[in-house]
Every structure is written in C-alpha cells, then in structure tokens.
Amino acid sequence: MKYTEDHEWLRVEGDLVVVGITEHAATQLGDVVFVELPEVEAMVARGDEVVVIESVKAASDILAPVDGEIIEVNDALADNPRLVNDDPLGAAWFFKIRVDDLSVLDDFMDEDEYEEMIA
Amino acid sequence: MTEDIPLRRLALNDLHLALGARLVPFAGYEMPVQYMAGVMQEHLHTRAAAGLFDVSHMGQVILWPKAGMDRLALALEALVPADVAGLKPGRQRYGLFTDTRGGTLDDLMVANCQTHFLVVVNAACKAADLAHMRAHLSPVAEVTEVTDRALLALQGPLSEAALARLLPDVARMRFMDVTTQVWQGQEIWVSRSGYSGEDGFELSLPETHAQAFAGALLAMPEVAPAGLGARDSLRLEAGLCLYGHDIDTITSPAEAGLGWAIQPVRRAGGARAGGFPGADRILRELADGPSRLRVGLRPEGRAPMREGTALFHGGARVGTVTSGGFGPSVGAPIAMGYVPRALAGPGTLLQGEVRSRHMPVAVSALPFRPTGYKR
C-alpha cells in the first residue's frame, strides 16, 4: 500500500490502482453523508478533482493521485456513504484507475512514512 | 489579519480537551466543534436524550435600570421591535436589533429578571451590540457585560430529568421561563430555552463552578457532550436562523419570517406601534408581504446544498441558499434560503446549482421536524 500527502491510499490490483482514503482522513472528515464518483472511462490527470465527499460539516475533494483512465467506481458508496467511516481501507474504495506505468507509485510514501507525516 | 488576534479559551477548555473535543476558531474563541462521538451521534443523542453544549462565547449583558424597569423597557423597545414592556418578570422573549433600513443587526434573547434585564447576543456581534446599547440606553440603564460566567445549554427531551437532579425547581419551569437557582452556594441563571428545537435549558453560572457543574451533568447517563457542529444541524432542522447567514443587515425580519417576534402591540394599530429602527419598511412588509421570503428547502438527491448555492426557477436565478447541510434526524439534506414570494409556497420545485449542475430542490415548510418545547 502507498500513501499520498492528500491522505489517499493506493493499492495495486493487476494493472490497476485502487484508490481510497486513509482512516486518518475519514476521522478528520467526520460522518460522511454523500459521495460523488467520477464517470467510468474518464481520462483524468494527477491533481484533478475526481471525487466529492460531503460530511455533515463540509464538502471535500479527492484529487486524482496519478494520470490515467477510470476503469471502475464503487457504486456501493452512493447508497451507503457511511462506508467511508466504517471501512475506509476496505469496502470504501472509491475508484480503480489504469496507469501507463505502475512505477509512478514509487514516488509515494510507504506506511511508515505516512504514519510519520500524520504523527 | 485575524490570525494575529489570539483566540480566547473557554473556561471549560480543559474539560473539552479531556472529552476529546476537536477545537476550531469561531468568533474569536477556540470552540469545540465536535467530541469523540462526532456530529451525527451528538445530534441524534440530543434529539433522543440530552446534549450538553458550551456556548460561553455568546454575549451576556445585564441592563441595570437607572430610572425604573418600565422606562428601561420602553427604551429597549426603541431598539428591538418586540413587546418588551409587556414581558413579565421571570419571562424571556426572542428579539432582534434592527437598523434604520429595516435590516437586522443581531438576534437576541431578552429576559425580565425583575430587578434588571438580561440580554444574550451572538458572539460575533457582541462588541457592536454593547456599543449600540450603550449609545442608546445609557440615560436609563447601566449596560454591563457579564465576563465571569460560563453559558451552558442542556438540550433534548431528557434535559429536565437530568437537570432536576441538581436543580429540582427547574421541573416547574415552562418554555421561556427564567429563574435563578442555587447550586453549591452559587447562583445559576436558568432559562427554559435553546437552539435545537427540543425542550431544554440554558444555564449561566460562575466560571469557577462551571467545570464541576458540567461534570455533574455529564456523569448522568442521559447527558453527552455536543459541539458546534451538532448545534448547527439541530438548529437547521428546527428552522432557526443563524445570524450572519440566514439573517443580516440586508434581510428584514419580515423577509426572514420572523414576524412572530414582533408582537401585535408593536405593529400598525398596536398601542406602541413602530418606534424602532426601520419600522417603516418592516411594518409595511408585515402588512403587504415582503418581495422575498426565507423558506425551507429539501434537495431531492442526496447531495447537500450548502450556503451560497444559487437557486434557479425556469432557468432564471431566483435566490440563494443561506444555510444548508445534512439533517441527521431528517436523514436527508436540508437547507434554507431566500426566494421570491411567488415561489415560496411549499412544494414549489426549484433547481440548486451544485458543482455546475442544476439539481432539483423543493420548497418545504419549516421546521423540518416538529419542535419539542414544553409550553
């Protein structure tokens, strides 16, 4: 698992990268009441706002961590946004993205580095 | 600019930290926005049992009469379009400071405490309100800000059961009654009121005893701490205005649907009609209907429509959301905003612009939930 400075986790699954947010981020957001996901087949660039998460308090954007094509989105979040709080590292993944070269993940933090950042 | 001004800490700061509060800057104070349970649980607990809020940032102002309570009441009526002279000892009333253009400077609670009036105002308006009262009331009142008392709000259907264990007499109070109770030798000024739409109490007590008193309440099974986040979602479900958002110097009380805070005696034909700032506009709007009105809004999708969301009808911009979010007890997004009077009827379908898309939103009656006041 790799981590971004924006509190996303990235997990490789075949030739895809699965993206979600960390437990730390989910706790900071508070009770999630709405998730808006990108379109499947959308081409996104690193830094694009691809997911909107609304908590009771406020709206937050999730940025695309890498360039690529959105291959699959987690529709379960539309019906049950609370999953983001209940299981951020598992059932509450947001989308799967295909990248040209998985080596782009080398730039991101590993778990120890991420834990150090949020400490 | 603002970051240079040090934030003030609440007297209960240590208690908030011990309870796992997340503190945020608000109106110059470090305020608990939520505790460990989170906004949703704090909100739902308050609706089901009792939530304890620290609202010590609000302004507590005593008006000591210099020439009798009657003259002071009439002088206050020159600033506030409410029936202050008719407010009996031991009773409290909601009111507004209006300006000469009929806008709203602040909303407030005024209590007749027999020997004086107690006025509670919003934190962000505190300094301006004090200056306003001193400028206009000094001939008839000594205007004193209370600076050594915490203000707590205990809200929810089990508030009476919990509070009566410490202050048995509060069980006899009804909505908007005010009394002075004594706890461990200390005066506690109690009103049966709040900002959640539920039954509940607001308690002003010496800062020196606030931690012990709050601790005694929090030790009870009914009572859980609740922060500003839940306070906001509770008041929004109850259809209550937040100053600086739903009401401000642009909006008149009539537009805001706060005509109920202007009793008949202060309206056209009343014994003390008018005589407050902006009376021409406000009384005309109350008689003829204002051109726009504050309404409840129910987005039809799941996406909340936050403050500032533009409202459209037939492709034309018709208004703006002034408060919006998710209603935990409603289980759906809710909002309030201003629309032209012709579009203010419940059921009218509008569109709200969310992230560049027009989403359906229906005008809804307020409050979004029935209130639980003990009248």
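This is a predicted model: local features need pLDDT of at least 70, side-chain atom pairs count only at pLDDT 80 or more; totals for chains, interfaces and linings use all residues.
**View 1. An open, antiparallel sheet of 3 strands in chain A.** The strands of chain A are arranged in the order S4-S6-S7, and their pairing is antiparallel. Strand S4 (32-36) and strand S7 (59-63) of chain A are the edge strands, each of which pairs on one side only. From one strand to the next, the twist averages 25 degrees.

**View 2. The pairing of S4(A) with S6(A).** Strand S6 of chain A, which comprises residues 49-55, pairs with S4(A) in the antiparallel sense, and 4 bridges are found between these two strands. Within this pairing, Phe34(A) has Glu54(A) in S6(A) as its bridge partner.

**View 3. The overall build of chain B, with its 8 helices and 20 strands.** The C-alpha trace of chain B spans about 65 × 50 × 45 Å along its principal axes. The radius of gyration of chain B is 21 Å, which agrees with the value near 21 Å that a compact globule of 375 residues would have. Of the 375 residues in chain B, 49% are buried, and among the contacts in this chain with a separation of 6 or more, 66% are between residues 24 or more positions apart.

View 4. Helix H7 of chain B covers residues 228-237, and because 9 of its 10 residues are buried, the helix is largely enclosed by the rest of the structure. The buried residues of H7(B) include Leu228(B), Leu234(B) and Leu236(B), and also Arg231(B), Asp232(B) and Glu237(B). Gly239(B), which follows H7(B), has a positive phi, near 70 degrees.

**View 5. Ala85(B) in the loop between helix H3 and strand S6 of chain B.** The loop that holds Ala85(B) lies between helix H3 (69-77) and strand S6 (91-98) of chain B. When its neighbours within four places in sequence are left aside, Ala85(B) is in contact with Asp70(B), Ala73(B), Leu74(B), Glu77(B) and Arg272(B). The C-alpha atoms of Ala85(B) and Arg71(B) are 8.7 Å apart in space, whereas the two residues are 14 residues apart in sequence.

Conventions
Residues are numbered from 1 along each chain as its sequence is written. Chains are lettered from A and ligands numbered from 1 in the order in which they are written. Two strands pair if DSSP finds at least two bridges between them. Axes are lines fitted to C-alpha atoms, for helices over the stretch in contact, and angles run from 0 to 180 degrees between N-to-C directions. The radius of gyration is taken over C-alpha atoms; the globule rule is 2.2 Å times the number of residues to the power 0.38. A residue is buried if 20 or more other C-beta atoms lie within 10 Å of its own, exposed if 12 or fewer, and partly exposed in between; C-beta atoms are placed from the backbone. Two residues are in contact if their C-beta atoms, placed from the backbone, lie within 7 Å.
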